[in-house]
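The sequence and the structure are shown first.

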Amino acid sequence: MRASLLQTTTAVIATALLFYPVLQIILLSLNKLPYFRIGGEFIPTLDSFMWVLQQPEFWRGLLNSLIVSLATVAIVIALSLPSAYAFSRYRFKGRDSLLSFYVVFTQMAGGLGIAGLIALFAIVSALGLRNNLLALALIYAAGAIPYHTWLLKTYIDTIPKSAEEAALIDGAGVSTLLIRVVLPLMAPALAVSAILTFIGAWGELILANLFLSGENRTLILWIYSLMSNVYSVQWNRFAAAALLYAIPPVALYVVLQKFLRRGLAFVY
């Protein structure tokens, strides 16, 4: 009884601490004043949300972010799934070395950030792909594919081969096998891969700021521009924009929720 009470109390306190910053952002976004202080004046209004929704840059940035994020998800899934299946089901020369490279790449890529960023900027500029949304999606996907290939490969390892063997006996090809047999069984893992990829592309700032400009800026860049002068920031508008910015990832999570529970249990 005491242990249960202690666990419940700890969970409530942890939840309150985690939710407190979100509560402050919500209160700030609903305040007519451009700032918020504990114990200060609070005048509830939706003016900040109305202001954000009336900005053409918000809708243009939202569309650009959706294009980049969804394109990244499509590329990652389209390339990681066949690769993961090949690594899981086939034995070929260099397989173990490639798998080891994938693991190493996922761990050391962040440490090569500065050098890699300079090289990437030079390559993208030479190819004339700066300020290109799909090019940015390709860059995001290139960084995500090794991790998600390994993730999906590990999940495929747990799928019994009996269903695939039955389909092969019936004359199914590799593409039919992937689409009609493997794909439905992998829904939880694909949901996890999709949400992680989407969130990674949706919230990325450094590369987007480096390669995009003008009307191709993503939503996070427009929100960041609201802080161009920290001494005159309308914090209530900034908070409202941040809350609206969080809606698409949350909506995707809700849509994929029934698959995510099983997938996250497997991943973690």
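Over the ring of which residue does the charged end of K153 sit? The charged end of K153 sits over the ring of W150, 5.6 Å from its centre. A charge is counted as sitting over a ring if NZ of Lys or CZ of Arg is within 6 Å of the ring centre and within 35 degrees of the ring normal.

The model is predicted, so local features need pLDDT of at least 70 and side-chain atom pairs count only at pLDDT 80 or more, whereas totals for chains, interfaces and linings use all residues. Residues are numbered from 1 along each chain as its sequence is written, and side-chain values use heavy atoms, with hydrogens and water left out.

## Overall architecture

The secondary structure of the protein chain comes to 14 helices and zero strands. Helices (H or I, at least four residues) and strands (E, at least two) are DSSP runs, numbered from the N terminus. Of the 268 residues in the protein chain, 35% are buried; buried means under 20% relative accessible area, exposed over 50%, and partly exposed in between (1.4 Å probe, protein chains only).

The unreviewed UniProt entry carries the annotation "transmembrane region" for residues 12-30, 66-87, 99-127, 133-156, 177-202 and 235-256. UniProt positions are given in the numbering used here, feature names are shortened, and annotations may be inferred rather than shown by experiment. Residues 12-30 are 95% helix and 0% strand, with end C-alpha atoms 25 Å apart. Residues 133-156 are 100% helix and 0% strand, and there the end C-alpha atoms are 32 Å apart.

Helix α9 has 16 residues and reaches 22 Å from its first C-alpha to its last, close to the 22 Å expected at 1.5 Å a residue. The expected span is 1.5 Å times one less than the number of residues. Because twelve of its 16 residues are buried, α9 is largely enclosed by the rest of the structure. Among these buried residues are P188, L190, V192, I195, F198 and W202.

The largest nonpolar core has 47 residues, of which L136, M186 and L219 touch the most other members. The elements that give two or more residues to this core are α2, α3, α6 (133-156), α8 (174-185), α9, α10 (206-211), α11 (219-225) and α12. The largest share, nine residues, comes from α3. A nonpolar core is a set of buried Ala, Val, Leu, Ile, Met, Phe, Trp, Tyr and Cys residues joined through side-chain atoms within 4.5 Å.

## Aromatic pairs

The structure holds seven aromatic pairs. Rings of Phe, Tyr and Trp (its six-membered ring) pair if their centres lie within 6.5 Å; planes under 30 degrees apart count as stacked, over 60 as edge-to-face and the rest as tilted. Two of the pairs are set out below.

| Pair | Centre to centre | Angle between planes | Class |
|---|---|---|---|
| F198 and W202 | 5.5 Å | 15 degrees | stacked |
| W235 and F238 | 5.6 Å | 80 degrees | edge-to-face |

F198 and W202 are four residues apart in helix α9 (residues 187-202), separated by about one helical turn. F198 counts as buried at 4% relative accessibility, and W202 is buried at 3%. W235 and F238 lie three residues apart in helix α12 (residues 235-245), about one turn of the helix. W235 counts as partly exposed because its relative accessibility is 30%.

## Polar contacts and local sites

Q55 lies in the loop between α2 (47-53) and α3 (56-89) and counts as buried at 18% relative accessibility. A polar atom of the Q55 side chain lies 3.0 Å from the backbone oxygen of W51. A polar contact is a pair of N or O atoms within 3.5 Å; within protein, one must be able to donate a hydrogen and the other to accept it, and residues adjacent in sequence count only if both atoms are side-chain atoms.

S83, placed in helix α3, is partly exposed at 24% relative accessibility. The side chain of S83 reaches the backbone oxygen of L79 at 2.8 Å. The C-alpha atoms of S83 and P146, 63 residues apart along the chain, are separated by 9.6 Å.

N131, found in the loop between α5 (113-126) and α6, has a positive phi of about 60 degrees although it is not a glycine. Most residues other than glycine have a negative phi. N131 is partly exposed, with a relative accessible area of 29%.
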